[in-house]
Amino acid sequence: VLLDLVETLCELIAIPSVNPMGKAVAGPEYGEGRMTDHLEPLYQRMQVPYRRQVAEPGRENIIAWLEGETPPTQGGKLLLFAVHQDTVPVEGMIIDPWRPKVREGRVYGRGACDVKGGMTAMLAAFARLAAERPPGMPTLVLACTVNEEFGFSGIDALRRSWNGAPDAILPRKPDAAIVAEPTGLDVVVAHRGVIRWCCRTRGQAAHSSRPEAGDNAIYKMARVLQVLERYQWEVVGQLGTHPLCGPATMSVGTIHGGVSVNIVPDACVIEIDRRLRPGEDPRQAYQHLIDYVAQAPEITFPVEHDPIGLEAPALPNDANGSIADRLASIACEVSGRGTKVGVPFATDAAFLAAVGVPTVVFGPGSIAQAHTVDEWLPIDELEQAAEIFYRIGLQLGQPIR
Ligand SMILES: [Zn+2]
């Protein structure tokens, strides 16, 4: 089977696969289950083997593969395409998120850009290679993973799937991987990582008519926040800069304190988001901020820091191997793009790079259109991406010219 790109993308958009983002939400739009169920018959029609891999209860990666001419255990190359099934939530969208619209060379809908467009391009290239079975092609694995937008559990399960166990899904570690994300057809060879954690001040509850009897945790947090604002603007950016990804950053994203206006609050909690430069040590970055807060003159009380709750590594650009060069030259041939760049956001790619797989990030659409209220994808980039994925699949088994 060969896939019509716009039709396939519209089908994928019409299947909600909203990431619950760690919240206890229920509803038919949440989770990746229906997306996984939709992909399964597609692989059956392509007549390729596939497996479902449980990443978390009810959330499954689906991994299909095309045998190359030489098996990967006998010297053949093994190329991995990875793309996430989930999307961010749809609150505030000004278009119908799941009723895709095609207009003026664009496809609109939740996930059009991040990252069902990239998935469509990978599926189409995979289907074409499955139909043609060109001589000399590498073994190609297409993994559609879960939970990229919050927690990265899908890619984590995937990278355990070449552990050599008898039921291992991949026979060995891939030689190279491409992770689909909207990169505007440039080749992302480096990106920043992220750590997040909760920081807490404690006080003493009292009736609000007698504030002197209590100890206001929100006032304490206000002082912590002033220190953190100073840290954000004056300190963290001075810790160093990466040539492609720029300096590290820090941001406070949420604050919760108090239970009622007539009670002096006994606790206040904020969430801290610290972006890591490639090469930065997450523990050191975490400790540096904690020490800065503790040593600030206005902090005369204990400040509690939870352990790091979410950690996504940075993607360093020193281990992308030849995949970056090959992809860049193909992307340039097909689209005139293909510049090797660094980006500020974290992706699944770093999890593969961290276990020694040369990995780059690539796909159609602009990151500026991801997660937006009227998310869309340009159709010409979708077509070019499908061609580029097809050519890299074709060429990876061959020596560089
Ligand atoms: Zn994405």
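1. Let's start inside helix α2, where the buried residues are Met35, Thr36, Leu39, Glu40, Leu42, Tyr43 and Met46. Keep in mind as you look around that this is a predicted model. What covers those buried residues of α2? The cover includes helices α1 (5-13) and α3, along with the strands β1 (50-56), β2 (59-66) and β6 (139-145).

2. Now for the helix itself. α2 runs over residues 33-46, which makes 14 residues. From its first C-alpha to its last, α2 reaches 21 Å, close to the 20 Å expected at 1.5 Å a residue. Just after α2 comes Gln47, with a positive phi of about 60°.

3. Next, have a look at Ala127, which sits in helix α3 (residues 112-132). Buried or exposed? Ala127 has a relative accessible area of 1%, and buried means under 20%, so Ala127 counts as buried. Leaving out residues up to four places away in sequence, Ala127 touches Val1, Leu2, Leu3 and Met46. You've met one of those already: Met46 is among the buried residues of α2.

4. How far is Ala127 from His288? The two are 161 residues apart in sequence, and 49 Å separates them in space, C-alpha to C-alpha.

5. Helix α3 has something else for you to find. Between Asp114 and Val115 the peptide bond is cis, with omega near 0°. Val115 belongs to helix α3. Asp114 also turns up among the residues that Thr87 touches.

6. That brings us to Thr87, in the loop between β3 (78-84) and β4 (101-103). Although Thr87 lies in a loop, Thr87 is buried, with a relative accessible area of 1%. Which residues does Thr87 touch, not counting those up to four places away in sequence? They are Ser17, Val18, Asn19, Arg110, Gly111, Asp114, Lys116 and Glu149.

7. Arg133 lies in the loop between α3 and β6, and its phi is near 45°, a positive value in a residue other than glycine. Phe152 lies in the loop between β6 and α4 (153-158); phi of Phe152 is near 60°, again positive in a residue other than glycine. What about burial? Arg133 is partly exposed, at 39% relative accessible area, whereas Phe152 counts as buried, at 7%.

8. Time to zoom out. How many helices and strands does the chain have? There are nine helices and 18 strands. The radius of gyration is 23 Å, close to the 21 Å that the globule rule gives for 401 residues, so the chain is as compact as a globular protein of that length. Along its principal axes, the C-alpha trace spans about 80 × 45 × 40 Å.

9. How much of the chain is buried? Buried residues make up 53% of the 401.

10. Contacts come next. Take those in the chain with a separation of 6 or more: residues 24 or more positions apart account for 79% of them.

How values were computed. Residues are numbered from 1 along each chain as its sequence is written. This is a predicted model: local features need pLDDT of at least 70, side-chain atom pairs count only at pLDDT 80 or more; totals for chains, interfaces and linings use all residues. Side-chain values use heavy atoms; hydrogens and water are left out. Helices (H or I, at least four residues) and strands (E, at least two) are DSSP runs, numbered from the N terminus. The radius of gyration is taken over C-alpha atoms; the globule rule is 2.2 Å times the number of residues to the power 0.38. Buried means under 20% relative accessible area, exposed over 50%, partly exposed in between (1.4 Å probe, protein chains only). Contact means heavy atoms within 4.5 Å. The expected span of a helix is 1.5 Å times one less than its number of residues.
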